[in-house]
Amino acid sequence: MLEKLIGEYGVLAVFLGAAVEGETAAFLGGIFAHRQLIPYWQVALAACLGSFAADQFFFLSGRYATKWSYVQKLLGSEPIARVTRLLEAHPTGFILAFRFIYGIRTISPVAIGISSVSTRRFVILNAIAALIWGILITAIGFVAGGAVEALLGRLQLHLHLLIALAFVAILVPVSAYAFRREMARRSARLGRRAA
């Protein structure tokens with residue numbers, strides 16, 4: 001039953017999940033591809049497009065909807081100030097990398113929309129980054145699916161997914177902690193240079 005649902009709606013679920021949540025949906029999509037429930041290229045494409053669409057929406061929110069309460073709330077926050085400092089110091093690198101940094105993925109395109117970065121430049125860099133991100137994260141899920149199967153044999157799908165989610169639940173906080181430490185270090189360094 002679950003396999004049938006994934007086969008029918010899995011690509012749409014990966015697209016929406018990549019847009020709303022991000023890594024977990026793309027990662028699980030890779031596992032679905034490993035289990036041959038959805039072709040890998042469809043999963044990767046759905047993850048790329050979902051990520052691209054969400055970031056375009058948030059960029060346009062920053063560019064054209066600054067009166068929205070959501071955008072207003074972000075404008076005065078410390079995270080947006082930190083993101084803005086990084087963006088000003090390394091605009092191209094930041095646009096290519098922000099979706100890989102846990103905890104700033106949603107606010108970054110809003111900050112970029114508020115900045116002087118042109119819409120055309122953002123669209124191009126966002127497309128490149130979304131393509132890399134979608135292929136990479138789904139590939140990690142695909143490989144993790146193979147690793148679980150190699151270690152534990154062919155499990156029922158729900159057990160396979162639970163093990164994969166446990167892996168993500170451990171990996172994401174550890175990665176977030178490492179990224180936040182690095183961002184705080186870089187932000188402090190940029191602050192010292194500006195002073």
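# A tour around helix H3

Begin with the contact between two helices: select Asp55, Phe58, Phe59, Gly62 and Arg63 in H3, which meet Pro109, Val110, Ile112, Gly113 and Ile114 in H7. The model is a predicted one.

Keep H3 and H7 on screen and look at how they pass each other. Two packed helices are described by the angle between their axes and the distance between the axes. Here the axes of H3 and H7 cross at roughly 40° and come within 6 Å. At that angle H3 counts as oblique to H7. The crossing of H3 past H7 is right-handed.

**Next stop: Asp55**

What do the side chains of Arg99 and Asp55 meet in? They form a salt bridge, with 2.3 Å from N to O. The two partners come from distant parts of the chain: Asp55 belongs to helix H3, while Arg99 sits in the loop between helix H6 (91-97) and helix H7 (107-114), 44 residues apart. Both Arg99 and Asp55 are buried. The salt bridge count for this model comes to 1.

**Next stop: the aromatic pairs**

A search of the whole structure gives 4 aromatic pairs; two of them are visited here. A pair of aromatic rings is described by the distance of the centres and the angle of the planes.

Select Tyr40 and Phe142. Their ring centres are 5.9 Å apart and the planes stand at 75°, over the 60 degrees needed, so this pair is edge-to-face. Tyr40 is in helix H3 (residues 40-64) and Phe142 in helix H8 (residues 119-152), so the pair ties together parts 102 residues apart in sequence.

Now select Phe59 and Phe122. The ring centres of Phe59 and Phe122 lie 4.3 Å apart with their planes at 10°, so the pair is stacked. This pair also links H3 and H8: Phe59 is in helix H3 and Phe122 in helix H8, so parts 63 residues apart in sequence are tied together. Phe59 is buried, with a relative accessible area of 0%. Phe122 is buried as well, with a relative accessible area of 0%.

**Last view**

Terms used. Residues are numbered from 1 along each chain as its sequence is written. This is a predicted model: local features need pLDDT of at least 70, side-chain atom pairs count only at pLDDT 80 or more; totals for chains, interfaces and linings use all residues. Side-chain values use heavy atoms; hydrogens and water are left out. Rings of Phe, Tyr and Trp (its six-membered ring) pair if their centres lie within 6.5 Å; planes under 30 degrees apart count as stacked, over 60 as edge-to-face and the rest as tilted. Helices (H or I, at least four residues) and strands (E, at least two) are DSSP runs, numbered from the N terminus. Buried means under 20% relative accessible area, exposed over 50%, partly exposed in between (1.4 Å probe, protein chains only). A salt bridge is a side-chain nitrogen of Lys or Arg within 4 Å of a carboxyl oxygen of Asp or Glu. Axes are lines fitted to C-alpha atoms, for helices over the stretch in contact, and angles run from 0 to 180 degrees between N-to-C directions. Angles under 35 degrees count as roughly parallel, over 145 as roughly antiparallel, 65 to 115 as roughly perpendicular and the rest as oblique. A crossing is left-handed if the near helix is turned anticlockwise from the far one by less than a right angle, and right-handed if clockwise. Contact means heavy atoms within 4.5 Å.
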